[in-house]
Amino acid sequence: MLLQIALRKKASTLTAVVTAAAMALSPFASARAQEGKGPPVLRDTETEQLLREYTRPILRVAGLEKQNIRMVIINDSTFNAFVADGRRIFVNYGAILQSETPNQLIGVLAHETGHLAGGHLAKLREQLAGAQTQMIIAMLLGAGALAAGASRGGNNGLANAGAAAIAGPQEMIRRSLLSYQRQQEENADRAGVKFLTATQQSPKGMYETFKRFTSESLFAARGADPYLQSHPMPAERVAALQEFASTSPYWDKMDDPALQLRHDMVRAKISAFMERPETVYRRYPQTNDSLPARYARAISTYLHGDLRSALSQIDALIAVQPNNPYFYEVRGQALLESGKPADAIAPLRKAVALSNNAPLIEMLLGQALVGTDNKAYTDDAIKILRAAVAREPEAPIGFTQLAMAYGRKGDYAEADLASAQAAYLRGDNKTARELATRAKTRFAVGTPGWVRADDIVASKPPRN
């Protein structure tokens, strides 16, 4: 029993170390943890497209162009970006909102690409596995000494030796892991600068961002043990980065004005959707007649109930940029969310055409078609939604709308299957299996629909 208690207690401690290590993969780790849930994800075609364009040249020079690295936007207002697997770069919307220039955000993405290119996640797992083995050995030896002390009538010498055998290696292993992570962060900084230079971009944005957070973390780091930090001490890290980055021949290169405008438009959009209207109007007062400011105010206006004024403002934006698909998308979304799905169809069709059939916008169009309750639109909705979910298979709303369209047509087998797929993607595995089981009874055995339903019945819940 004594050994079991010791193992349980120390295993809990190791779990805490592992969790801290995972959080520290980012240079700006969020203090908030999601227990038992995946991170809340935001989807937006305009923002995702911009992030893809930011990372594409960096991934190319890093040798990751064919790895299908995805950009994922997290619903968190703090400045953070991180990698948690080898397939995705996660970016808090706060990081986009707080990056004043494209180069500042690109620099952070280059750093995260450095982690991916260096295989840091896999190497960290190896380190953690080794640490776990060392921890178990230390616990066994320490527990043995504790047990021996107890068997000899409470021999304090043996008991103290046992406690030391457990605590000493634990502290040594923790310091070793943190030291390893500090080296990873330094390597990612250098790799990021190398990628930016290879793509003829300035590393100054990375330096500016890290310097900004240095001043914010100096007070917290004051008096801290540098050997207990998961990242290099802020001032030292930024000084090393400046020395290395300033040698780039592109140090003083500015962002292209057109790219800066797109960056500002996305920041305005995020502000309008994610911040209170009074905050939006402080950022973008009526005296600011720039396109991003007008974009933010138009979105905020429709979100808070004044559809007529919002549509007038959106139409004025369209007059300035008649080929901007996202202005038509916002117009359609405003109408759809105001209970006017029939009126939303025309602007959403225009947005789909101008965006080269962006699947998320196609799903919005499908939702408008289904929402009209006009059966004449049913076949069109099914065609559009099927194309959308084929290219964007991880968006539950597409399958939800597809289920509604099939239900309206009376095709209950496909409706059940689409509903099961939507539930599965939401993580509701119980409902997904129930719907898929019912769908199997409606399909002929061995048909494609039956096989897809059977896959859901036999599957495990998707990992968040």
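## Helices side by side

The axes of helix H15 (residues 359-371) and H16 come within 9 Å and cross at roughly 155°. Here axes are lines fitted to C-alpha atoms, for helices over the stretch in contact, and angles run from 0 to 180 degrees between N-to-C directions. H15 passes H16 in a left-handed crossing; left-handed means the near helix is turned anticlockwise from the far one by less than a right angle, and right-handed means clockwise. Helices themselves are DSSP runs (H or I, at least four residues), numbered from the N terminus.

A quick note on what you're looking at: this is a predicted model, where local features need pLDDT of at least 70, side-chain atom pairs count only at pLDDT 80 or more, and totals for chains, interfaces and linings use all residues. Residues are numbered from 1 along each chain as its sequence is written, and side-chain values use heavy atoms, with hydrogens and water left out.

## Two further helix pairs

H16 (residues 378-391) also packs with helix H17 (residues 396-409), at an angle of about 150° and with the axes 9 Å apart. That makes H16 roughly antiparallel to H17, and their crossing is left-handed.

H2 and helix H4 (residues 102-117) give another picture: they pack at an angle of about 50°, with their axes 10 Å apart. That makes H2 oblique to H4, and H2 passes H4 in a right-handed crossing.

## Salt bridges between helices

The structure holds 23 salt bridges, each one a side-chain nitrogen of Lys or Arg within 4 Å of a carboxyl oxygen of Asp or Glu. One of them joins the side chains of Glu53 and Arg262, at 2.7 Å from N to O. Glu53 sits in helix H2 (residues 45-61) and Arg262 in helix H9 (residues 257-274), so this pair ties together parts that are 209 residues apart in sequence. Glu53 is partly exposed at 28% relative accessible area, and Arg262 is partly exposed at 34%. For reference, buried means under 20% relative accessible area, exposed means over 50%, and partly exposed is in between (1.4 Å probe, protein chains only).

Arg237 and Asp189 also meet through their side chains in a salt bridge, 2.9 Å from N to O. Arg237 belongs to helix H8 (residues 234-245) and Asp189 to helix H6 (residues 156-198), so the pair ties together parts 48 residues apart in sequence. Arg237 is buried at 8%, and Asp189 is buried at 5%.

Arg442 forms a salt bridge with Asp416, with the closest N and O atoms 2.7 Å apart. The pair links Arg442 in helix H19 (residues 429-442) to Asp416 in helix H18 (residues 412-426), 26 residues apart. Arg442 is partly exposed at 43%, whereas Asp416 is buried at 5%. There's a network of salt bridges too, linking Asp44, Glu46, Lys269 and Glu329.

## A nonpolar patch

On the surface, Phe273, Met274 and Leu303 form a nonpolar patch with about 200 Å² of accessible area together. Phe273 lies in helix H9 and is partly exposed, with a relative accessible area of 32%. Patches are made of residues with over 30% relative accessible area and no salt bridge, with like charges joined within 9 Å and nonpolar side chains (Val, Leu, Ile, Met, Phe, Trp, Tyr) within 5 Å. The areas come from the Shrake-Rupley method with a 1.4 Å probe, and for residues only the protein chains shown count as cover.

Conventions: Helices (H or I, at least four residues) and strands (E, at least two) are DSSP runs, numbered from the N terminus. Angles under 35 degrees count as roughly parallel, over 145 as roughly antiparallel, 65 to 115 as roughly perpendicular and the rest as oblique.
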